[in-house]
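Student: I would like to go through the terms used for this model and see what each one rests on.
Tutor: Then let us look at it and take them in turn.

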Amino acid sequence: AVDERGQVLNGDKIMYICAKHFKERGQLPSNTLVTTVMSNFGLYKALDKAGIRYEKTAVGDRYVYENMKENDFMIGGEQSGHIIFRKYAHTGDGLITALMLMQVMIDTQLPLSVLAAGVTMYPQVLKNVRVDDKDLTLADSGRVLLRKIGTEPVLRVMAEAGTAEECEKQVDRIIAAMEKSGHLIEVKK
């Protein structure tokens, strides 16, 4: 969507506007919005402030809808703008999203810029990297997790894979990238 000032509202902002509006009217079952792991951190901060819970799924309408159906949630979607209103459709639908957004504007008598003001998007950088064989990475045979520790300046790098050697290889690759960046002080076990 584009607001009256010419600013683009991505799917995260649209989901925020609709979820907040429906929550205020008691029409957001379980007070929850379903997002994907690609949603912006700013959306989560705004949802926390609005008292709205959220679920994070893998990227794709399919995963969003599965979570919505399993838990009886009504709104979910992706930052890209694929938003599902489960009462009306099983996939993202641009026309339904436009109608729902217009309904919020009519109900509130507020312009989109005001409705979206509660969420500030954090800058994101996403780069696609072409590789010769993406199946050589962990794909569906494991995972990598990077998590900060709350009590000290430490990041935990964890990998799961079919073998301990593959885990070690993946963790070492990430640590090498940190070392190259100049941010690594020491590797703790």
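Student: In which helix is His-21 found?
Tutor: His-21 is found in helix α1. Helices are DSSP runs of H or I with at least four residues, strands are runs of E with at least two, and both are numbered from the N terminus. This is a predicted model, in which local features need pLDDT of at least 70, side-chain atom pairs count only at pLDDT 80 or more, and totals for chains, interfaces and linings use all residues. Residues are numbered from 1 along each chain as its sequence is written, and side-chain values use heavy atoms, with hydrogens and water left out.

Student: Why is His-21 called buried?
Tutor: Buried means under 20% relative accessible area, exposed means over 50%, and partly exposed lies in between (1.4 Å probe, protein chains only). His-21 has a relative accessible area of 3%, so it is buried.

Student: What does His-21 touch?
Tutor: Leaving out residues up to four places away in sequence, His-21 touches Val-104, Asp-107 and Thr-108. Contact means heavy atoms within 4.5 Å.

Student: Which residues have the most contacts inside the largest nonpolar core?
Tutor: They are Ile-17, Cys-18, Ile-75 and Phe-85, in a core of 28 residues. The elements giving two or more residues to this core are α1 (11-24), α2 (41-50), β4 (83-85), α4 (94-108) and α5. Helix α1 gives the most, with seven residues. Such a core is a set of buried Ala, Val, Leu, Ile, Met, Phe, Trp, Tyr and Cys residues joined through side-chain atoms within 4.5 Å.

Student: How do you know that Cys-18 is buried?
Tutor: Its relative accessibility is 0%, so Cys-18 counts as buried. Cys-167 is at 16% and is therefore buried too.

Student: How many disulfides does the structure hold?
Tutor: It holds zero disulfides. The term requires a pair of cysteine sulfur atoms within 2.5 Å.

Student: What makes Met-38 partly exposed?
Tutor: The relative accessible area of Met-38 is 34%, so Met-38 is partly exposed. Met-38 is placed in the loop between β1 (32-36) and α2.

Student: Why is Gln-124 called partly exposed?
Tutor: Gln-124 has 43% relative accessibility and therefore counts as partly exposed. Gln-124 lies in the loop between α5 (112-115) and β5 (143-148).

Student: What separates the C-alpha atoms of Gln-124 and Met-38?
Tutor: They are separated by 9.7 Å, with the two residues 86 residues apart along the chain. Not counting residues up to four places away in sequence, Gln-124 touches Met-38, Ser-39, Asn-40 and Gln-79.
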